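Here is a quick tour of one model, going from single residues up to the whole chain. Have the sequence and the 3D view open as you read.

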Amino acid sequence: MSVRLKLTLTYAGFLMLAGALLLAAVWVFLLRYVPERALIVPGDTTNHAVFPVRSNLLRVFGPRAAAVLAFLLVFGLAGGWILAGRMLAPLTRIADATRMATNGSLSHRIRLPGRNDEFRELADAFDTMLARLEAHVAEQRRFAANASHELRTPLAISKTLLDVARTDPNHDTGEIIDRLHAVNTRAIDLTEALLLLSRADQRSFTREHVDLSLIAEEATETLLPLAEKRGVTIKTCGDITPTIGSQALLLQLTLNLVHNAIVHNLPEQGAVQVNTSVRSKTAVLTVENTGEKLSPQLASTLTEPFQRGTERIHTDHAGVGLGLAIVKTITHAHDGTLTLNPRPAGGICITVELPAITPHTDR
């Protein structure tokens with residue numbers, strides 16, 4: 001049976017039960033005290049009234065009670081059917097929206113009108129879920145298209161180099177091998193970046209107590225040779241900045257930020273400033289660099305996969321376009337926020353805010 005029919009039978013059953021209890025109460029508290037026969041006092045000529053007896057009342061009361069119960073049954077079924085339909089109408093709209101979402105239409109919204117009751121809360125929650133799912137699917141499709149395009153480029157270059165080596169045996173094989181090695185290295189770096197992005201997005205990591213200040217120092221020491229090669233000065237400062245998360249992922253986040261700050265900098269006398277601090281129960285990591293002026297509109301798109309603020313850099317340290325996308329994913333996986341603010345003098349200031357913890361003190 002459908003839920004509507006079950007509710008209808010339930011309403012009708014309760015109504016019949018209430019009617020039967022009411023009639024039973026009439027019998028218990030009224031009819032049972034009516035005498036079975038009239039009491040007539042001999043010689044009393046003053047009382048000429050008609051005395052009701054139980055048998056006469058039952059003969060009159062029985063058909064009327066049956067008629068009332070029949071009316072309650074019909075009224076309960078009809079009224080229950082209508083009432084159940086009105087109550088289940090929001091669920092019908094939610095079911096229709098679910099079927100449309102199952103068929104691939106994620107743009108449909110329920111927008112249930114009326115008072116703010118349980119059905120309204122359920123519909124609003126379902127609309128919110130559909131909006132997030134639609135945005136997530138759109139982002140995944142865009143990411144898949146960009147990843148396919150980025151991976152197709154090194155594969156096409158490798159195929160071209162192999163065709164050249166096969167058709168021209170006299171060509172310098174050492175040069176072809178070097179170019180193949182560079183292309184293959186880039187493809188491997190891109191694949192590893194995609195895997196890291198997927199791992200961070202799934203939050204499949206172990207959380208532990210980490211210090212952002214130590215991570216910042218390790219990242220700057222690792223990238224110091226690159227900074228010296230490009231003539232960029234790195235400064236690191238900050239107090240102990242405890243938080244909870246993955247040591248490896250947070251180190252990768254910091255490495256990506258510092259690497260981008262070094263590579264996308266002034267050609268000469270560039271500078272990178274890395275700061276860590278704790279403010280209002282938040283662990284803050286700030287990476288600031290000099291460089292070209294960026295508009296706020298362009299800065300807001302830098303965290304999208306395969307988006308670059310400047311032209312592609314053809315060096316040994318060229319990225320794959322996923323640096324800030326990985327930073328954004330790792331930040332969200334740690335329940336943090338990522339903010340990008342262009343500097344008026346040029347360059348950008350990137351701030352990562354993570355939940356802070358109170359360090360334990362020995363007593």
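Let's start with Leu122, which is found in helix 3 (residues 118-167); helices here are DSSP runs of H or I with at least four residues, strands are E runs of at least two, and both are numbered from the N terminus. This is a predicted model, where local features need pLDDT of at least 70, side-chain atom pairs count only at pLDDT 80 or more, and totals for chains, interfaces and linings use all residues. Residues are numbered from 1 along each chain as its sequence is written, and side-chain values use heavy atoms, with hydrogens and water left out.

Leu122 is partly exposed, because its relative accessible area is 41% (buried is under 20%, exposed over 50%, partly exposed in between, with a 1.4 Å probe and protein chains only). Its C-alpha atom is 9.3 Å from that of Pro90, 32 residues away along the chain. Setting aside neighbours within four places in sequence, Leu122 touches Leu91 and Ile94, where contact means heavy atoms within 4.5 Å.

Ser158 also sits in helix 3. With a relative accessible area of 18%, Ser158 counts as buried. Again leaving out neighbours within four places in sequence, Ser158 is in contact with Leu180 and Val183.

## Helix 1

How far apart are the end C-alpha atoms of helix 1 (residues 3-29)? They are 38 Å apart, which agrees with the 39 Å that its 27 residues should span at 1.5 Å a residue; the expected span is 1.5 Å times one less than the number of residues. The buried residues of helix 1 are Thr8, Ala12, Gly19 and Leu23.

## Helix 6 against helix 8

Helix 6 (residues 247-263) packs on helix 8 (residues 323-333) at about 145°, with the axes 9 Å apart. Axes are lines fitted to C-alpha atoms over the stretch in contact, and angles run from 0 to 180 degrees between N-to-C directions.

From helix 6, the contact uses Leu249, Leu250, Gln252, Leu253, Asn256, Leu257 and Asn260. Helix 8 brings Gly323, Leu324, Ile326, Val327, Ile330 and Thr331. That contact divides into eight nonpolar, five polar and no charged residues (Ala, Val, Leu, Ile, Met, Phe, Trp, Tyr, Cys and Pro count as nonpolar, Asp, Glu, Lys and Arg as charged, and the others, Gly among them, as polar).

## The whole protein

Zooming out, the protein has eight helices and seven strands. Of its 363 residues, 32% are buried. Among contacts with a separation of 6 or more, 71% are between residues 24 or more positions apart.
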